[in-house]
Amino acid sequence: MNAFDAEPAVLAAEDVAVHFGGIKAVDGFGLNLPAGRICGILGPNGSGKSTFLAAVTRLVSLTRGRLLLDGAEYQNAPPETLARRGLSRTFQTVRLLPDLTVLENVRLGADLHARGRGVRSWFRPDTTPEVVDEAIERTGLGTARSWRPGELSYGMARRVEIARALAAKPRVLLLDEPTAGMNQRERGEISELLRTLRGDGLAQLLVEHDVQMMVDTCDHLVAMNFGALAAEGTPADVVVHPAVQEAYLGKRGRSHA
Ligand SMILES: Nc1ncnc2c1ncn2[C@@H]1O[C@H](COP(=O)(O)OP(=O)(O)OP(=O)(O)O)[C@@H](O)[C@H]1O
């Protein structure tokens, strides 16, 4: 057990497997995520990162394993109940409704069913204007609240996604490649935002290909390969781990997959 595992976990995944017929997308992977911590998942294309996030958010069924929020099993819970349990996520692609303002988009519930079926969201009746305002301010979108997605930079649009997830007041936030397609400055800003949210006690699970961003942002890294754990520990230790160098960075030692 490493130091990270010794802290009480808000989110825990144990021996998770997701098989698609003969394809073992995830095969015996797990992690512990304490409050106020950022855990990053590294891994080459096809190593199972997105499938693991889909499993944790109940978008795919587990072949085996357990998922726990505050110690309570939820691997059989419907995905639409997870926001109520304190789990929110963002997706790889920006999903904003073009005719609505930033404020209205943030008010929309992020529908965990949306993946693969287009955006299917709804106004959450239990989200107060104060919570929406706080999410907008927290993500630095205060001046853009009445703008429409077409008027936003790509980086701002991705912030709206994060604001929308925060409007559910989660205790655990899952971020699937939140800086994909961003320039260096925008990546730095997202890293700073996530670290600010960590200071508020939010537990975050981050999937990213940008190794430097992961090192700058995360408290703990887990590396996946072939659906299983390849290495874990502090970012500094994990990026130099032979399994990670070989599987993820490759012999050329590139920093961005
Ligand atoms: N619905 C599915 N049906 C069959 N195979 C799938 C399905 N989803 C994923 N896979 C396979 O499972 C493996 C893991 O894919 P996954 O998308 O989880 O990897 P990843 O690490 O997120 O990759 P990337 O970095 O490219 O997003 C791959 O071999 C992929 O082709």
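Me: Where is the place of Phe226?

Reply: Phe226 is found in the loop between β11 (220-225) and β12 (228-233). Here helices (H or I, at least four residues) and strands (E, at least two) are DSSP runs, numbered from the N terminus. Before we go on: this is a predicted model, in which local features need pLDDT of at least 70 and side-chain atom pairs count only at pLDDT 80 or more, while totals for chains, interfaces and linings use all residues. Residues are numbered from 1 along each chain as its sequence is written.

Me: Why does Phe226 count as partly exposed?

Reply: A residue is buried if 20 or more other C-beta atoms lie within 10 Å of its own, exposed if 12 or fewer, and partly exposed in between, with C-beta atoms placed from the backbone. Phe226 has 16 C-beta neighbours inside 10 Å, so it counts as partly exposed. Its phi is near 50 degrees, a positive value in a residue other than glycine.

Me: What makes Asp15 exposed?

Reply: Asp15 has 12 C-beta neighbours inside 10 Å, and therefore counts as exposed. Asp15 belongs to strand β1 (residues 9-20). Asp15 also has a positive phi, about 50 degrees, although it is not a glycine.

Me: And why is Val106 called buried?

Reply: Because Val106 has 28 C-beta neighbours inside 10 Å, it counts as buried. Val106 sits in helix α3 (residues 102-107). Of the 257 residues of the chain, 43% count as buried.

Me: Which residues does Val106 touch, not counting those up to four places away in sequence?

Reply: They are Val132, Ala135, Ile136, Val160, Ala163, Arg164 and Ala167. Two residues are in contact if their C-beta atoms, placed from the backbone, lie within 7 Å. Ala163, in turn, has contacts with Val106, Ala135, Ile136, Thr139 and Leu141, leaving aside neighbours within four places in sequence.

Me: What makes a group of residues a nonpolar core?

Reply: Such a core is a set of buried Ala, Val, Leu, Ile, Met, Phe, Trp, Tyr and Cys residues joined through C-beta atoms within 7 Å. The largest one here has 66 residues, and Leu11, Leu33, Ala163 and Ala223 have the most contacts inside it. Strand β1 supplies the largest share of this core, 7 residues.

Me: Why are β6 and β12 said to stand at the edges?

Reply: Two strands pair if DSSP finds at least two bridges between them. The open sheet of 6 strands runs in the order β6-β9-β10-β3-β11-β12, with mixed pairing. β6 (87-90) and β12 each have a single partner strand, so one side of each is left without a neighbour in the sheet.

Me: How do you know that β11 and β12 are paired?

Reply: The two strands are joined by 5 bridges and run antiparallel. Within them, Met224 stands opposite Leu229 in β12.

Me: Which residues surround the ligand?

Reply: The shell consists of Phe20, Ile23, Ala25, Gly43, Asn45, Gly46, Ser47, Gly48, Lys49, Ser50 and Thr51. A residue is near a molecule or strand if its C-beta atom, placed from the backbone, lies within 6 Å of it. The elements giving two or more residues to this shell are β2 (23-34) and α2 (49-56), and α2 gives the most, with 3 residues.
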